[in-house]
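Take a walk through this protein with the structure open beside you. We will go from one place to the next, then step back for the whole view.

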Amino acid sequence: MSDAGLASKEGFSERERPIFEAWRDAGYFLRSAGFGEMANQSYTIVIPPPNVTGVLHMGHALNDTIQDACIRRARMQGMQTRWILGTDHAGIATQTKVDKHLAEQGINRREIGREAFIEACQEWRLEYGTTIVNQIASMGCSCDYEHEQFTMSPEFSRAVRKLFVDWYNDGIIYRGKRIVNWCPSCTTAIADDEAEYEDEHGSLWYLRYPLSEPVGDIEYLVVATTRPETMLGDTGVAVNPKDERYKDLIGKTVDLPIVGRKIPIFADFYVDSSFGTGAVKTTPAHDPNDFAMGERAGLERINIFDETAHVVEGFGKFSGMDRDEARAAVVDAFEQLGLLDHIEEHDHSVMHCYRCHNKLEPWLSEQWFVAVDKLKAPAAKAVESGQIQFHPARWLQVYLDWLENLKDWCISRQLWWGHRIPMFYCDKCGWKAASVDDIEVCPECGAPVRQDEDVLDTWFSSQLWPFATQGWGDMGNDSPELQKYYPTQVLSTARDIMGLWVARMVMASEYCTGKIPFQHVIIHPTVMGADGKPMSKSRGNGVDPVELMADYGADGMRFGLLTQVTGAQAMRFDRQKIEGARNFANKVRNAARFVLMHMDGFVPGEPEPVKAADKWILSRLAHLAKAVDDAYDAFEFGEMTRELYGFFWNEFCDWYIEFSKSRLTDQSDPADKLACQRNLVFVLEQAIRLLHPVMPFITEEIYKEIPHASAAPMLIVSEWPDASLLAKYADADAERAVQLVCNIVGAVRSARARYGLSPKTELKVYVKAADEDCALIEGQRMSIESLGRCEELIVGSDVVKPSESSATLSSDLEIYTVLTGHVDFDAECKRVKKELDKTEADAEKLRRKLSNEGFLKKAAPEIIEKDRNHLNELEDVIDKLNAQLKDIA
């Protein structure tokens with residue numbers, strides 16, 4: 001096995017591509033047939049469909065690694081597996097990109113019309129829509145590429161229409177005029193949970209509204225507002241009915257300045273008497289709370305903005321102004337009239353569009369809505385009963401809280417790219433109906449009919465994803481695939497679409513199929529930049545997964561990402577972890593090379609635990625298999641990678657291979673050599689099976705080189721190690737014995753390294769241990785003396801520390817390595833003291849710096865974190881230097 005090309009960016013892809021193509025060509029990515037005890041169990045995952053115009057980012061890379069690890073393990077366990085792949089049409093995102101693309105050519109979509117624009121979107125999708133799918137493939141993801149799904153395919157479109165018609169006829173979908181979150185830039189409505197809140201430093205304007213007739217000595221009311229421009233649409237002033245200040249004013253009117261409209265003063269318990277003046281201007285067409293108060297009070301609704309947030313006709317000089325211009329002009333007008341009472345600074349959160357990031361406008365508009373109250377109860381029960389489980393478990397309450405606070409969902413969008421709402425109208429006789437199939441002629445009067453112009457929210461179609469991808473649109477619940485493979489087993493997704501997508505899938509699935517859509521929901525952490533902030537181009541802290549794979553291989557990126565998963569909500573990206581994973585891949589490859597280079601005379605057979613080291617490694621393998629299974633079952637991917645790393649790097653590579661070297665020479669006893677070979681092959685093969693779901697390429701590459709008596713044609717379809725069968729190798733005594741060997745040899749090697757002694761230098765070693773451990777050590781004397789290059793090994797329960805020796809405490813042992821004759825203690829003592837003084841001085845400077853409040857307030861978080869890490873490193877060095885002084889003093 002050659003390492004040529006490892007250092008080059010092309011090296012990994014050159015090695016990985018043929019393996020991926022072999023998997024695909026053999027049909028291993030299709031629904032597997034199943035084998036063994038789990039042959040009749042199914043395991044299905046639906047990928048969270050990335051946008052058709054998207055590219056792979058770090059969130060995708062982490063999530064796709066998690067899903068592939070789960071599906072590969074299930075495939076090896078013998079289940080009937082399928083990972084459903086597909087993309088989302090992404091209404092607003094795609095339309096925005098195509099709009100911009102056409103504009104660069106001097107083309108306006110309204111000039112070319114709806115059909116031509118949709119055709120341009122389809123062309124864009126065909127040109128760019130495969131990018132992310134190809135990138136997912138480059139990760140080694142074992143998806144079903146032959147049956148790729150799309151949220152606007154004919155089959156999917158039929159499913160979307162079917163659900164709309166069913167909900168409409170069931171009274172769940174309705175059309176109404178209500179306040180929506182309107183994006184003046186995208187010129188479409190946005191759902192509540194698609195809005196992003198951003199904190200802004202703003203103002204609170206106090207405006208005087210003159211009473212139509214003074215009441216006693218009160219001539220005007222003062223209202224406080226963050227949006228003075230919307231006063232053009234005010235139709236009332238609200239006060240709390242218990243507010244003694246205003247009880248005599250309820251039922252009176254004020255003359256709305258500038259506009260001259262008489263508006264009533266009314267009472268509503270919603271008003272917070274402690275905010276501002278306790279009198280609230282009410283604009284029912286431009287605020288959802290004002291809308292509700294206005295509805296209770298019977299107020300008029302006046303929409304002052306058009307779809308681009310410019311003031312409509314009828315407001316004099318203000319007409320045609322945008323929001324910001326109107327705000328400045330209104331404030332100036334109040335000031336000129338002497339009606340601007342005062343202005344205060346006021347910080348508040350403002351809603352922005354999640355796509356274009358412009359400010360949203362609360363806007364009265366006629367839209368289509370889903371009445372969610374009819375759907376929430378089954379979706380909550382599915383989680384409360386434990387049918388659906390969240391990992392980590394804390395997300396369960398987040399899900400339930402979101403459901404409890406959910407309001408009716410605005411599902412219509414003023415776009416062209418998307419699922420057009422399947423409502424048909426006859427303008428001649430007033431007939432209307434929802435229909436799965438297109439209708440051209442009115443069934444009542446025979447006149448031509450028209451279809452609704454709006455399209456459905458992207459999330460309306462994606463909520464059908466788990467079952468519409470398995471035949472529901474064409475056959476409903478009679479779909480053979482649904483009957484056999486539904487519900488799916490695992491959904492892995494990001495926390496920010498818990499409500500947007502996860503809860504809606506549960507609601508839709510319960511209604512459409514009567515079943516939950518998935519049994520487990522994994523909420524993976526958000527991958528942040530190395531500075532702890534969200535990754536973005538503007539911050540310059542983003543990382544391209546494609547470049548990572550070019551530098552470290554898909555295996556290195558996958559393993560390195562999973563090692564960073566700890567259960568926290570956010571995961572700070574650490575490139576060193578990716579580098580460490582690449583080095584780990586090389587370590588595994590080198591270990592395999594060692595085993596395969598020592599196969600002379602090998603005859604396949606069962607493992608033969610002849611020596612304590614054999615029993616130890618087989619016992620550790622049994623532990624590994626169970627630990628990996630436990631981690632998978634709990635979806636603790638970071639813990640799983642740490643177990644694999646520790647076994648390969650420390651136990652198999654650093655120790656068992658070291659134990660084996662002397663047994664594999666030409667002079668070795670043939671029977672013992674064969675036993676050692678069989679043990680090495682067995683442990684290597686079982687271990688790479690456990691590693692395969694996370695590092696599929698290197699393990700598959702190794703697997704084809706291992707001599708098999710009989711085995712699966714490729715590792716991807718080989719049998720998953722059975723932890724219950726491997727449990728027979730568990731041997732606590734062997735583990736303790738070899739652990740003692742490792743601790744003693746490790747202590748001696750550390751002493752050599754600490755004092756710069758040659759690895760060949762033989763040293764006297766004293767070990768103090770309990771009587772039972774002394775017996776185990778004596779049984780491994782030859783191994784300790786050989787591996788530790790011990791001139792003499794003295795073991796006992798009454799051993800005392802010799803003079804001029806290094807001391808190590810490890811696992812109830814006291815290990816003393818005699819340094820007499822090998823170290824100039826006077827010179828060494830002076831050197832260590834000098835280094836210790838310098839290190840302590842450097843550490844003290846950092847301590848003073850980090851205790852300075854001024855520095856902590858002004859310095860960037862990453863600088864503070866860097867200094868703290870440096871201080872920790874210095875303190876570790878100080879501890880080690882003090883240990884050396886203790887040895888040689």
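Start in a loop. Pro 487 sits between helix α15 (480–485) and strand β21. The model you see is predicted. Look at the bond that joins Tyr 486 and Pro 487: this peptide bond is cis, with omega about 5°.

Now move on to Thr 488. This residue belongs to strand β21, which covers residues 488–494. Is Thr 488 buried or exposed? Thr 488 has a relative accessible area of 0%, so it counts as buried. Its side chain reaches the backbone oxygen of Pro 517, at 2.7 Å. Which residues does Thr 488 touch, leaving out those up to four places away in sequence? They are Thr 44, Val 46, Gln 470, Pro 517, Phe 518 and Gln 519.

There is another cis peptide bond to visit. It joins His 391 and Pro 392, and omega is about 0°. Pro 392 also lies in a loop, between strand β14 (389–391) and helix α11 (395–404).

Next, turn to backbone angles. Thr 187 is not a glycine, yet its phi is positive, at about 50°. Find Thr 187 in the loop between β4 (173–183) and β5 (188–190). Its relative accessible area is 11%, and under 20% means buried, so Thr 187 is buried. Arg 789 also has a positive phi of about 50° without being a glycine. Its loop runs between α26 (781–788) and β26 (790–796). Arg 789 has a relative accessible area of 38% and is partly exposed.

Now look for rings. How many aromatic pairs does a search of the whole structure find? The search finds 35. One of them is formed by Trp 124 and Tyr 128. The ring centres are 4.2 Å apart, and the planes meet at 40°, so this pair is tilted. Why are Trp 124 and Tyr 128 separated by about one helical turn? Because they are four residues apart in helix α5 (residues 114–128). Trp 124 is buried, at 13% relative accessible area. Tyr 128 is partly exposed, at 33%.

A further pair joins Tyr 209 and Phe 334. Here the ring centres are 6.3 Å apart and the planes stand at 35°, so this pair is tilted as well. The pair links distant parts of the chain. Tyr 209 is in strand β6 (residues 196–215), Phe 334 is in helix α9 (residues 323–336), and 125 residues separate them. Tyr 209 is buried, with a relative accessible area of 0%. Phe 334 is buried too, with a value of 0%.

Ring pairs can also join up into a group. One cluster links Phe 559, Phe 584, Tyr 645, Phe 647, Phe 648, Trp 649, Phe 652 and Tyr 656.

Go back to strand β6 and find His 201. Its relative accessibility is 58%, and over 50% means exposed, so His 201 is exposed. What does His 201 contact beyond its neighbours within four places in sequence? The contacts are Glu 345, His 346 and Asp 347. Along the chain, His 201 and Glu 345 are 144 residues apart, but 7.6 Å separates their C-alpha atoms.

Compare Phe 29. It lies in the loop between α1 (11–25) and β1 (42–46). At 4% relative accessibility, Phe 29 is buried. Not counting residues up to four places away, Phe 29 touches several others, including Phe 20, Trp 23, Cys 141, Tyr 145 and Ile 716.

Finally, step back. The protein has 29 helices and 28 strands. Its C-alpha trace spans about 110 × 70 × 55 Å along the principal axes. Of its 889 residues, 54% count as buried. Take the contacts between residues at least 6 apart in sequence: 76% of them join residues at least 24 apart. The accessible surface comes to about 39400 Å², and carbon and sulfur atoms account for 48% of it. Charges complete the view. There are 99 positive and 139 negative charges, and their mean positions are 2 Å apart.

Notes
Residues numbered from 1 in each chain as written. Predicted model: local features only at pLDDT ≥ 70, side-chain atom pairs only at ≥ 80, totals over all residues. Heavy atoms only, no water. Helix = DSSP H or I, 4+ residues; strand = E, 2+ residues; numbered from the N terminus. Buried < 20%, exposed > 50% of the residue type's maximum accessible area, 1.4 Å probe, protein only. Polar contact = N/O pair within 3.5 Å; in protein donor to acceptor, adjacent residues only side chain to side chain. Contact = heavy atoms within 4.5 Å. Areas by Shrake-Rupley, 256 points an atom, 1.4 Å probe, with all protein chains shown as cover. Lys, Arg positive; Asp, Glu negative; His and termini not counted. Charge placed at Lys NZ, Arg CZ, Asp CG, Glu CD. Phe/Tyr/Trp six-rings, centres within 6.5 Å; stacked < 30°, edge-to-face > 60°.
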